[in-house]
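This report describes a single protein chain, taking its packing, its helices and its strands in turn. The sequence and the structure are shown first.

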Amino acid sequence: PYDINHFKIDKKNRSFKLINNGSSPNFFLIDIQADKKNINIDQIRNIIQDLNKSSLNNKPKFVLIDNSEYLNKNSINVLLKEIEEPNDNIYFILIQNQKTLLSTLTSRFIKFNINLSNKESIFVINKLINQDIHDSVNGDFINYYFSPGNIYRMIDFCDENNIDIKNIGLKDFINILIQNNHIKKQKDLRYIFYEIIEYLLKKKSILFNMDYYNYFVKKIEKINKFNLDEESFFIELNDKILNG
């Protein structure tokens, strides 16, 4: 089912088809839902319930938790109980980006840091979109800070919303996000949008004053931490950065 020499999956194999349609008895995916801000406790409980059912085969079961930094405290507590008293042949894989997880959780895992060079990132994203990214995306979005997965999701978002990502810069892109309320409506992409805002702030601050960057980044941290209203932040961002 896997071509080791060419690093390719045979898309006709049974395992690949079962995982793609969400019916694999041995693979379980947990990710932040489109209408939520966190991976909630019910998602974890439902998976654990499935894990405790008898398997159709004796093969290992894998639980992949993507965007694991969005696990809330209740979800982590339920997950900890399962990890501390694991059933045989069950493996948990957590993927996190930048933000840290609670030490009570990470202390029970082996951690692998994966860093891609700019050349490697370009190679990956070209494979994902099946073309040269420089022919389809504005250079403002191609940098060390955005992962291939996040660029892929931005391209997908722009296609769905008729945004020309090839001919639009960061500032105009952020203006569209704010004016059309995309940051509030697209909760599953919220963290990516804020990464774009932070990157624009970094570029602006290098040219003018790093105090601007520090000031706005602290505001973003408070918004995310305390779930504050974003409207006043966007007004200030618009006055001082986007139209300043």
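In this predicted model, Met154 touches Phe141, Phe146, Ile165, Ile192 and Ile196, when residues up to four places away in sequence are not counted. Met154 is found in helix H6, and Met154 is buried, with a relative accessible area of 3%. Thr100 is 54 residues away from Met154 along the chain, and the C-alpha atoms of the two are separated by 23 Å.

Helix H6, which comprises residues 148-160, is also the element against which the buried residues of helix H5 pack. Those buried residues of H5 are Ser121, Ile122, Ile125 and Ile129. Seen down the axis of H5, they fall within an arc of 100 degrees, and therefore they line one face of the helix. On the other side of H5, the exposed residues are Lys119, Phe123 and Lys127.

Lys119 and Glu69 are 50 residues apart in sequence, and their C-alpha atoms lie 27 Å apart in space.

A further helix, H9, spans residues 190-207 and contains Glu195. With a relative accessibility of 14%, Glu195 counts as buried, the cut-off for that class being under 20%. The side chain of Glu195 is joined to the side chain of Asn150 by a polar contact of 3.1 Å.

Most residues other than glycine have a negative phi. Asn67, although it is not a glycine, has a positive phi of about 50 degrees, and Asn67 is found in the loop between E4 and helix H3, the latter being residues 73-84. Asn181 likewise has a positive phi, near 60 degrees, in a residue other than glycine, and its place is in the loop between helix H7 (170-179) and helix H8 (182-185). Asn130, which follows H5, has a positive phi near 60 degrees.

The accessibility of individual residues discussed in this report is collected below.

| Residue | Relative accessible area | Class |
|---|---|---|
| Met154 | 3% | buried |
| Asn67 | 3% | buried |
| Glu195 | 14% | buried |
| Asn181 | 36% | partly exposed |

Strands of a sheet pair through backbone hydrogen bonds, either parallel or antiparallel. Here, 3 strands form an open sheet in the order E3-E4-E5, and the pairing is parallel. Strand E3 (27-30) and strand E5 (90-94) are the edge strands, each of which pairs on one side only. On average, and with direction ignored, neighbouring strands of this sheet are turned by 15 degrees against each other.

Between E3 and strand E4, which covers residues 61-65, there are 4 bridges, and the two strands run parallel; Ile30 stands opposite Ile65 in E4. E4 and E5 are paired in the parallel sense over 5 bridges, and Phe62 stands opposite Tyr91 in E5. E4 is mostly covered, since 4 of its 5 residues are buried.

Which helix lies across E3, E4 and E5? Helix H2, made up of residues 41-51, does so, and H2 runs at about 175 degrees to E3.

Key
Residues are numbered from 1 along each chain as its sequence is written. This is a predicted model: local features need pLDDT of at least 70, side-chain atom pairs count only at pLDDT 80 or more; totals for chains, interfaces and linings use all residues. Side-chain values use heavy atoms; hydrogens and water are left out. Two strands pair if DSSP finds at least two bridges between them. Axes are lines fitted to C-alpha atoms, for helices over the stretch in contact, and angles run from 0 to 180 degrees between N-to-C directions. Contact means heavy atoms within 4.5 Å. Buried means under 20% relative accessible area, exposed over 50%, partly exposed in between (1.4 Å probe, protein chains only). The arc is that of the directions from the helix axis to the C-beta atoms. A polar contact is a pair of N or O atoms within 3.5 Å; within protein, one must be able to donate a hydrogen and the other to accept it, and residues adjacent in sequence count only if both atoms are side-chain atoms.
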